[in-house]
Amino acid sequence: MIDALTIAVALAALALASWCGFAAFRDQPTKDWHFIGMALVSLLGIVQLVIAVVQLAGGHSPDKGTALFVAYLLGAAACVPATGFMSLSERTRWGSATAAAGAVVLAVLEVRLFDIWGGGSA
Amino acid sequence: MPETTAATTADGAESTAPAKRSLGTGPGRLLVALYGVFTVAAASRSLYQLLAQFDRAPLAYSLSALSAVVYGFILFSLVRGGEGARRAALACCALELLGVLGIGTWTLLDPSAFPDATVWSDYGMGYLFIPVILPVTGLLWLRRARTEQPAAGVQD
């Protein structure tokens with residue numbers, strides 16, 4: 001997988017996490033702009049999913065196992081949309097905190113994806 | 001005037017105890033999200049390990065599966081809500097805390113019993129110590145959810 005994309009997703013996730021975390025800190029629910037941000041990060045996650053699947057189909061196998069890699073890939077694509085929907089129905093600061101938590105999880109998953117793929121060498 | 005009447009009726013309705021207490025809103029929403037993540041993480045991890053490499057570390061993988069069940073049950077209780085679910089979740093959070101502390105200590109004292117890590121190894125260090133923080137916040141939240149309940153509900 002392209003290392004630059006993994007790093008980009010991780011950084012975008014961290015930015016989203018601090019943005020939503022800031023909203024939670026200021027006792028505000030997630031607003032339209034936050035949801036646009038979540039949509040963009042989710043889109044990046046889906047792009048990553050597609051590129052990774054294409055590369056897997058092309059015969060590249062991750063260092064630490066394909067099953068493990070695919071599981072993390074699906075988790076990475078799903079976690080921001082899932083927490084986004086949860087914050088949609090929780091119109092308090094805790095909705096923002098939930099969205100921030102989802103973004104942090106995504107960043108952690110990206111680090112793990114990088115490891116499992118064998119980042120740097122591929 | 002109409003507002004005061006509305007307030008009184010609302011109070012009256014509350015003291016007859018709501019049918020279902022919501023545990024998954026407010027701060028509980030964040031807990032639901034985190035328990036969701038850990039249920040998926042622990043369940044998929046243990047499923048994979050039990051199927052693919054059970055012989056390597058049977059004890060560690062069985063304990064991972066156990067933790068997945070505990071996480072899943074707490075998640076289910078938080079989403080379901082109500083007093084019964086609150087108590088069940090309270091018991092499970094206590095079990096979870098004991099599990100993290102017990103297995104965390106066990107892995108430090110006798111590393112040879114664990115050739116591979118569990119979710120709860122070294123007090124959940126591989127998971128940013130969230131496994132040890134989560135049950136504590138869970139217990140606090142579930143306790144507070146009870147004290148917010150009207151007095152009538154507490155006596156049983």
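In this predicted model, the axes of helix α4 of chain A and helix α2 of chain B come within 7 Å and cross at roughly 20°. Because angles under 35 degrees count as roughly parallel, α4(A) and α2(B) are roughly parallel to each other. Their crossing is right-handed. On the side of α4(A), the contact is made by A:W94, A:A97, A:T98, A:A101 and A:V105, and on the side of α2(B) by B:P27, B:R29, B:L30, B:A33, B:L34 and B:V37. By class, nine of these residues are nonpolar, one is polar and one is charged.

Helix α2 of chain B also meets helix α3 of chain A. The axes of α3(A), residues 66-88, and α2(B), residues 27-53, come within 12 Å and cross at roughly 165°. Since angles over 145 degrees count as roughly antiparallel, α3(A) and α2(B) are roughly antiparallel to each other. The crossing of this pair, α3(A) with α2(B), is right-handed. From α3(A), the residues A:A67, A:L68, A:T83 and A:M86 meet B:R29, B:V32, B:A33 and B:Y48 of α2(B). The residues of this contact divide into six nonpolar, one polar and one charged.

One residue of α3(A) illustrates how these elements come together. A:M86 is found in helix α3 of chain A. When its neighbours within four places in sequence are left aside, A:M86 is in contact with A:T98, B:R29, B:V32 and B:A33. A:M86 and A:T98 are 12 residues apart along the chain, and their C-alpha atoms are separated by 7.4 Å. A:T98 is itself one of the α4(A) residues that make the contact with α2(B).

Over the two chains, 11 residues of chain B are in contact with 12 residues of chain A. Chain B and chain A bury about 990 Å² between them, and 77% of this area is on carbon and sulfur atoms. In chain B, the residues that lose the most area to chain A are B:R29, B:L30 and B:Y48, which together account for 50% of what that side buries.

Side chains of opposite charge can pair when their charged atoms come close. Between chain B and chain A, the count is one salt bridge. A:E90 forms a salt bridge with B:R29, and the closest N and O atoms of the pair are 3.9 Å apart. A search of the whole structure finds six salt bridges over all chains. A:E90 lies in the loop between α3 and α4 (93-117) of chain A, whereas B:R29 lies in helix α2 of chain B, so the pair joins two chains. B:R29 also takes part in the contact of α3(A) with α2(B) and in that of α4(A) with α2(B).

Within chain A, the axes of helix α1 (residues 3-25) and helix α2 (residues 32-57) come within 10 Å and cross at roughly 160°. The helices α1(A) and α2(A) are therefore roughly antiparallel to each other, and their crossing is left-handed. From α1(A), the contact is made by A:L5, A:T6, A:V9, A:A12, A:L16, A:W19, A:C20 and A:A23; from α2(A), it is made by A:W33, A:H34, A:G37, A:M38, A:V41, A:L44, A:V47, A:Q48 and A:I51. By class, the contact of α1(A) with α2(A) has 13 nonpolar, four polar and no charged residues.

Note on methods:
Residues are numbered from 1 along each chain as its sequence is written. Chains are lettered from A and ligands numbered from 1 in the order in which they are written. This is a predicted model: local features need pLDDT of at least 70, side-chain atom pairs count only at pLDDT 80 or more; totals for chains, interfaces and linings use all residues. Side-chain values use heavy atoms; hydrogens and water are left out. Axes are lines fitted to C-alpha atoms, for helices over the stretch in contact, and angles run from 0 to 180 degrees between N-to-C directions. Helices (H or I, at least four residues) and strands (E, at least two) are DSSP runs, numbered from the N terminus. Angles under 35 degrees count as roughly parallel, over 145 as roughly antiparallel, 65 to 115 as roughly perpendicular and the rest as oblique. A crossing is left-handed if the near helix is turned anticlockwise from the far one by less than a right angle, and right-handed if clockwise. Contact means heavy atoms within 4.5 Å. Ala, Val, Leu, Ile, Met, Phe, Trp, Tyr, Cys and Pro count as nonpolar, Asp, Glu, Lys and Arg as charged, and the others, Gly among them, as polar. Buried area is the accessible area (1.4 Å probe) that two parts lose on being put together, summed over both. A salt bridge is a side-chain nitrogen of Lys or Arg within 4 Å of a carboxyl oxygen of Asp or Glu.
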